[in-house]
Structure formats: structure tokens, C-alpha cells
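Reader: I have not looked at this structure before. Please take me through it by question and answer.

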Amino acid sequence: MVHEETTTMIPLLTPYKMGQFELSHRVVLAPLTRCRSYGNVPQPHAAVYYAQRATRGGLLISEATDVSPTAQGYPETPGIWTREQVEAWKPIVDAVHRKGAFFFCQIWHVGRVSTNEFQPDGQAPISSTDKQITPDPDHVMAYSKPRRLRTEEIPGIVDDFRRAAQNAIEAGFDGVEVHGAHGYLLEQFMKDGVNDRDDEYGGSLENRCRLAVEVVAAVVREVGAHRVGVRLSPFVDFVDCVDSNPVALGEYMVRQLNVHEGLLYCHMVEPRMANVQGRMQIPHRLLPFRKAFKGTFIAAGGYDREEGNKVVADGYTDLVAYGRLFLANPDLPRRFELGASLNKYDRSTFITPDPVAGYTDYPFLDDAHGNGPAALA
């Protein structure tokens with residue numbers, strides 16, 4: 001169903017200049033782990049998936065991509081540390097570029113959010129700590145006991161991110177997003193609910209953020225600040241990763257990002273949503289960070305069309321990242337433009353190895369005219 005719209009362009013569909021990138025709209029594909037890269041190598045079906053969601057002047061952020069063999073925590077996630085992986089990414093990036101979109105690679109290391117079976121030679125996952133994540137009461141995932149990184153090992157982690165950024169640019173990506181959110185390795189150092197170190201990477205806020213700061217600096221030196229974004233989630237408490245003062249953490253990290261003149265964007269996740277009067281309400285606590293950051297600001301976390309339009313119109317954020325809605329609606333910007341109804345997402349197919357189901361088979365508005373999921377041009 002398509003609702004009548006006024007002739008005035010909605011805020012989400014207005015152009016925006018992000019550094020050197022001329023965006024035609026402000027609807028961003030959020031990074032979404034999909035677990036369909038067999039053997040950690042991106043597959044041809046990913047070219048279909050990403051190209052479906054690409055629009056001329058749109059911005060896509062890839063699923064989180066492992067920076068090294070120790071970075072994996074979920075099945076069949078893509079990597080970007082080997083020559084084979086770099087070559088496999090190239091046609092996927094090309095498919096997105098043929099649609100006229102911009103494509104950034106999110107680079108990550110999961111740290112302790114892993115199991116021995118995903119680690120080289122069955123070793124323990126690495127982290128800031130040797131504290132294990134509390135077992136899931138539903139036994140959906142039982143994470144292995146991690147090994148605390150030795151101080152002298154940490155420069156190697158920094159170099160893994162640097163090399164991954166270099167490889168991403170070689171693969172054709174327009175830039176990289178450093179994943180410093182959602183309880184993964186960089187946050188395991190940043191947040192005092194996890195980091196129990198007594199070396200220069202533990203204790204004070206400055207020390208706890210040192211690894212993330214060093215990673216961003218290394219990536220900026222490698223590919224240029226104009227190609228670098230960073231994702232942060234100071235309020236999120238995923239996998240036991242909490243901080244006693246998330247506002248101070250977020251403010252400190254934004255100041256550190258501002259050190260790099262021209263750093264492209266800061267992508268931040270809203271606090272957990274709250275159910276108020278039967279509707280999920282977004283707390284909207286990112287404004288101080290948005291005001292402090294000198295580059296483009298991207299907000300994510302439970303946004304719909306109405307809320308996205310409001311925060312752009314109010315100047316609360318420059319761009320809005322959409323995850324589940326974009327997953328289920330490959331033509332999401334078009335649907336937003338028309339006020340059209342949205343496909344419902346199927347949570348059971350979010351993370352499966354199937355190359356089609358819940359991946360490239362969500363219908364477009366114009367499927368009846370032959371422009372459906374298989375179309376790349």
C-alpha cells in the first residue's frame with residue numbers, strides 16, 4: 001500500500017555531502033552479520049544481496065568483517081586478511097559501485113565473544129580479560145573462557161586492523177568502519193565492566209580507550225581520515241560489556257576521533273529502546289556526542305521512517321542507519337519516498353548459511369514488473 005505524500009521531499013531523502021562523498025539520501029544500510037561467507041570467504045550471492053540494497057548516491061556498510069584468524073566469533077563470517085578474501089570481495093564491491101552507491105567495510109575483532117572451535121588450533125579467544133561471558137540461560141551460545149592479551153601482544157592487534165583497512169581499500173571499498181561497539185574486542189578494553197587490567201591498557205578511562213585510539217590512528221595513517229568511520233555504543237550492554245559512566249566514555253572517544261582532522265564519520269548506537277504507552281520509544285541520548293563530533297554523525301537503533309525523518313529534520317543526526325528494515329526491504333529508500341508498506345522481516349533467517357532464504361528473496365515493490373531480487377542493474 002502506498003500512502004499519498006506531499007510534494008515536499010522528506011528529510012531522509014534529502015542530499016547530503018559526507019566528506020568527498022555526495023550522498024543522494026540519508027538512509028544508510030547498517031552493518032548486519034549474515035553468516036553466509038563459507039570458509040570465511042565472501043561468496044557471489046553477497047554481490048546480489050548488497051547490490052539489491054544499493055542506490056545511486058546511497059551509503060552501504062558491510063557486515064562485520066574479521067581482521068585476522070583470531071577475530072571470528074560466529075559461523076561463516078567474512079574475513080579480509082587473506083589474498084583469497086580480498087579477491088572475493090572485489091566483484092561484490094564492483095556490483096555495488098555499478099549501482100552508483102558507496103560501500104564501506106566494517107572491520108572487527110570479536111575478542112572473547114567466541115569459542116575455542118572458531119579459534120586457530122582450538123585456542124582460547126583473546127580479550128582484555130580472562131573473565132568469561134556469563135552463560136546464556138537459554139544455551140543459545142556458550143562462549144569459551146578467554147585468554148588475557150599480554151601487553152606486548154597488543155601492537156599486533158593494532159596492526160591486524162591496519163592491514164585489514166589496507167586490504168579493504170585494495171578490494172575497492174570506498175572506506176572502512178572500525179567496529180568499536182557491541183561488546184567486541186575494542187569495547188572489552190574500553191568498558192570498565194570488563195577491563196580489569198593493571199597495565200597501560202587498563203584502569204583509567206584514557207588507558208582503557210588506548211587500544212581503540214591506537215587502532216583508529218593506525219587505520220587513519222594507512223588509508224586517510226577521509227576514508228574512516230568509527231562505530232561506538234557506549235550505552236549498549238551486550239554480552240556483559242557495560243561501563244559505569246557511558247556518557248564520559250562516549251565523550252572521551254569523540255574527542256579522540258576529533259584529533260584526526262577530517263575523520264569522516266562517527267556512527268553511534270542509541271541506548272536500548274523502552275516500551276512507552278505500547279510503542280517502542282528511542283531515548284535520544286546521542287545529541288551531546290553529535291554536537292561534539294566534527295564530522296558526519298550517523299545514528300542507529302530502532303528507527304522507523306517517522307522517527308528517522310524527525311531526527312534528521314531536528315538536526316539530531318546527519319544520517320540514519322537501518323538494519324532489520326533494510327534487510328527485509330531491499331528498496332527501503334524508495335518505500336520511504338512513497339510512504340509504502342514494508343515487508344516484515346523473518347528473524348529465524350537472520351543468521352543462517354542459506355544463500356537465498358531471508359537474504360536475497362525479500363520482494364521489491366516493483367517485482368511484478370520484472371525488477372525483483374535477482375536484478376543487479
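**Salt bridges, helices and a cavity**

Author: A search of the whole structure, which is a predicted model, finds 20 salt bridges.

Reader: How far apart are the closest N and O atoms in the salt bridge of Glu222 with Arg162?

Author: Side chains of opposite charge can pair when their charged atoms come close. A salt bridge needs a side-chain nitrogen of Lys or Arg within 4 Å of a carboxyl oxygen of Asp or Glu. For Glu222 and Arg162 the distance between the closest N and O atoms is 2.9 Å.

Reader: How many residues apart are Glu222 and Arg162?

Author: Glu222 and Arg162 form a salt bridge. This pair links distant parts of the chain, with Glu222 in helix H6 and Arg162 in helix H3 (residues 154-170). Their separation is 60 residues.

Reader: Why does Glu222 count as partly exposed?

Author: Buried means under 20% relative accessible area and exposed means over 50%, with partly exposed in between. Glu222 counts as partly exposed because its relative accessibility is 29%.

Reader: Which residues are linked with Glu222 in a network of salt bridges?

Author: The pair of Glu222 and Arg162 is a salt bridge, and both residues belong to a network of such bridges. Linked with Glu222 in that network are Arg162, Arg163, Asp159 and Asp160.

Reader: Are Arg335 and Asp331 buried or exposed?

Author: Arg335 and Asp331 form a salt bridge, their closest N and O atoms being 2.7 Å apart. To count as buried, a residue must have under 20% relative accessible area. Arg335 and Asp331 are both buried.

Reader: And Arg150, what is its relative accessibility?

Author: Arg150 meets Glu153 in a side-chain salt bridge, at 3.7 Å from N to O. Arg150 counts as partly exposed because its relative accessibility is 46%.

Reader: What span does helix H6 reach from its first C-alpha to its last?

Author: Helix H6 covers residues 210-223, which makes 14 residues. At 1.5 Å a residue, the expected span is 20 Å. The span from first C-alpha to last is close to that, at 20 Å.

Reader: Which residue follows H6, and what is its phi?

Author: Within H6, the buried residues include Leu211, Val215, Val219 and Val223. After H6 comes Gly224, with a positive phi near 95 degrees.

Reader: Which residue caps the N-terminal end of H9?

Author: Helix H9 covers residues 305-313, and among its buried residues are Glu307 and Val311. At the N-terminal end of H9, a side-chain oxygen lies 3.3 Å from the backbone nitrogen of Glu306. That oxygen belongs to the capping residue, Asp304.

Reader: Which helix supplies the largest share of the lining of the largest cavity?

Author: The count comes to 1 cavity of 30 Å³ or more, and the largest cavity has a volume of about 40 Å³. Helix H4 (185-190) and helix H7 (246-258) each supply at least two residues of its lining. The largest share, 3 residues, comes from H7.

Reader: How many residues of that lining are nonpolar, polar and charged?

Author: The lining residues include Glu187, Lys191, Gly180 and Leu232. By class, the lining has 5 nonpolar, 3 polar and 2 charged residues.

Reader: Which residue has its backbone nitrogen 3.0 Å from a polar atom of the Gln188 side chain?

Author: Gln188 is found in helix H4. Gln188 is buried because its relative accessible area is 0%, under the 20% cut-off. The backbone nitrogen 3.0 Å from a polar atom of its side chain belongs to Arg112.

Key: Residues are numbered from 1 along each chain as its sequence is written. This is a predicted model: local features need pLDDT of at least 70, side-chain atom pairs count only at pLDDT 80 or more; totals for chains, interfaces and linings use all residues. Side-chain values use heavy atoms; hydrogens and water are left out. Buried means under 20% relative accessible area, exposed over 50%, partly exposed in between (1.4 Å probe, protein chains only). Helices (H or I, at least four residues) and strands (E, at least two) are DSSP runs, numbered from the N terminus. A polar contact is a pair of N or O atoms within 3.5 Å; within protein, one must be able to donate a hydrogen and the other to accept it, and residues adjacent in sequence count only if both atoms are side-chain atoms. The expected span of a helix is 1.5 Å times one less than its number of residues. On a 1 Å grid over the protein atoms alone, a cavity is a set of points where a 1.4 Å probe fits but cannot get out, and a pocket is an open set with protein on both sides within 12 Å along at least five of seven lines; lining residues have an atom within 4 Å of a point. Grid points are joined across faces, edges and corners, and a volume is the space filled by probe spheres set on the points. Ala, Val, Leu, Ile, Met, Phe, Trp, Tyr, Cys and Pro count as nonpolar, Asp, Glu, Lys and Arg as charged, and the others, Gly among them, as polar.
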